[in-house]
Amino acid sequence: MPILEVKGFKKSFGKTEVLKGVDFTLEKGKVLVIIGSSGSGKTTLLRCLTFLETPDEGAMFVGGEELLRAPMTKGMKDEEIREKRSHFGLVFQNFNLFPQYTVLENLCLAPKLKAKEQPDYKKDKVRIDAEIEARAKELLMQVGLSDKADSYPCQLSGGQQQRVAIARALALSPDILCFDEPTSALDPELTGEVLRVLRELAEKNTTMIIVTHEMAFAREIADHIIFMDEGVVAAQGSPAELFGEQTQNEHLNRFIRAMEQK
């Protein structure tokens with residue numbers, strides 16, 4: 001059974017149809033890469049998956065459990081949305097770290113807020129907080145930033161901030177980790193350090209959805225690639241299938257040529 005099934009996602013903003021019926025599945029431990037031109041619906045799809053937007057139509061299942069069936073989702077309470085959203089971790093283009101908190105505090109904030117919702121938190125606060133902080137330090141070690149725990153975001157490079165954002169997304173142990181153009185806000189020399197972390201996550205069988213314009217990286221890391229065009233899944237398959245000479249989709253061919261010439 002796939003860990004994620006998306007069926008018939010549609011989303012409009014006013015009269016503009018952004019998603020026109022998107023279907024796909026994702027297996028546990030696999031990497032799905034989504035490519036496509038700006039405006040093709042990639043970011044809107046991620047935002048619908050992570051409950052930052054509500055699709056107008058469609059359904060979503062995680063681990064066989066129905067998390068969403070639009071338009072009924074529009075009536076969900078905030079706490080229910082937070083619980084459903086916890087299946088996903090989202091790393092934004094521009095890091096979105098809290099500037100007033102240290103790196104360690106950024107990683108611990110969401111887990112501590114979630115822990116406070118548990119009935120035994122006050123009684124066992126010291127132990128629970130210590131475990132959360134220990135986990136955060138392990139994640140900082142994983143992304144190569146153990147020495148930055150007490151630094152503030154403004155003291156870090158863009159690549160370091162994005163690695164902190166990745167660690168923060170991992171802190172809640174989501175089923176699926178989502179990335180929206182994780183290197184788009186970085187200088188070329190900083191892109192490599194973020195891509196290295198993503199490769200290491202893939203090697204550990206982390207289930208990921210990555211929206212990217214890095215075609216060489218997409219070829220290397222993806223188990224499956226979706227090409228979105230004007231709000232639909234216009235082509236999908238393995239990297240060999242989508243980047244091979246046998247590809248018949250001219251829109252896909254033009255897109256790949258344009259990206260590889262940059």
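Mentor: Residues are numbered from 1 along each chain as its sequence is written, and side-chain values use heavy atoms, with hydrogens and water left out. In this predicted model, local features need pLDDT of at least 70 and side-chain atom pairs count only at pLDDT 80 or more, while totals for chains, interfaces and linings use all residues.

Trainee: How are H3 and H5 oriented to each other?

Mentor: Helices (H or I, at least four residues) and strands (E, at least two) are DSSP runs, numbered from the N terminus. Helix H3 (residues 103-116) and helix H5 (residues 158-170) pack at an angle of about 25 degrees, with axes 8 Å apart; axes are lines fitted to C-alpha atoms, for helices over the stretch in contact, and angles run from 0 to 180 degrees between N-to-C directions. Angles under 35 degrees count as roughly parallel, over 145 as roughly antiparallel, 65 to 115 as roughly perpendicular and the rest as oblique. Therefore H3 and H5 are roughly parallel to each other.

Trainee: Which residues in H5 meet Val103, Asn106 and Leu107 in H3?

Mentor: Contact means heavy atoms within 4.5 Å. With Val103, Asn106 and Leu107 on the H3 side, the partners in H5 are Val164, Ala167 and Arg168.

Trainee: Is H3 oblique or parallel to H4?

Mentor: H3 and helix H4 (residues 125-142) pack at an angle of about 140 degrees, with their axes 9 Å apart. That angle is why H3 lies to H4 in the way called oblique.

Trainee: How many nonpolar residues does the contact of H3 with H4 have?

Mentor: On the H3 side, residues including Leu104, Cys108 and Pro111 meet H4 residues, among them Ile128, Ile132 and Leu140. By class, this contact of H3 with H4 has no polar and four charged residues, and its nonpolar residues number 11. Here Ala, Val, Leu, Ile, Met, Phe, Trp, Tyr, Cys and Pro count as nonpolar, Asp, Glu, Lys and Arg as charged, and the others, Gly among them, as polar. So the nonpolar count is 11.

Trainee: How are H5 and H6 oriented to each other?

Mentor: H5 and helix H6 (residues 188-203) pack at an angle of about 25 degrees, and their axes are 8 Å apart. Residues of H5 including Ile166 and Leu170 meet residues of H6, among them Val194 and Leu201. The angle therefore makes H5 and H6 roughly parallel to each other.

Trainee: Which element gives the largest share of the lining of the largest pocket?

Mentor: About 910 Å³ of space lies in the largest pocket. Of its 25 lining residues, the closest to the centre are Arg82, Arg85, Phe88, Ala110 and Leu172. On a 1 Å grid over the protein atoms alone, a pocket is an open set of points where a 1.4 Å probe fits, with protein on both sides within 12 Å along at least five of seven lines, and lining residues have an atom within 4 Å of a point; points are joined across faces, edges and corners, and a volume is the space filled by probe spheres set on them. The largest share of the lining, five residues, comes from H3.

Trainee: Where is Pro71 found?

Mentor: Most residues other than glycine have a negative phi, and most peptide bonds are trans. The peptide bond from Ala70 to Pro71 is cis, with omega near 5 degrees. Pro71 is found in the loop between strand E5 (65-70) and H2.

Trainee: What is the phi of Phe95?

Mentor: Phe95 has its place in the loop between E6 and H3. Although Phe95 is not a glycine, its phi is positive, at about 70 degrees.
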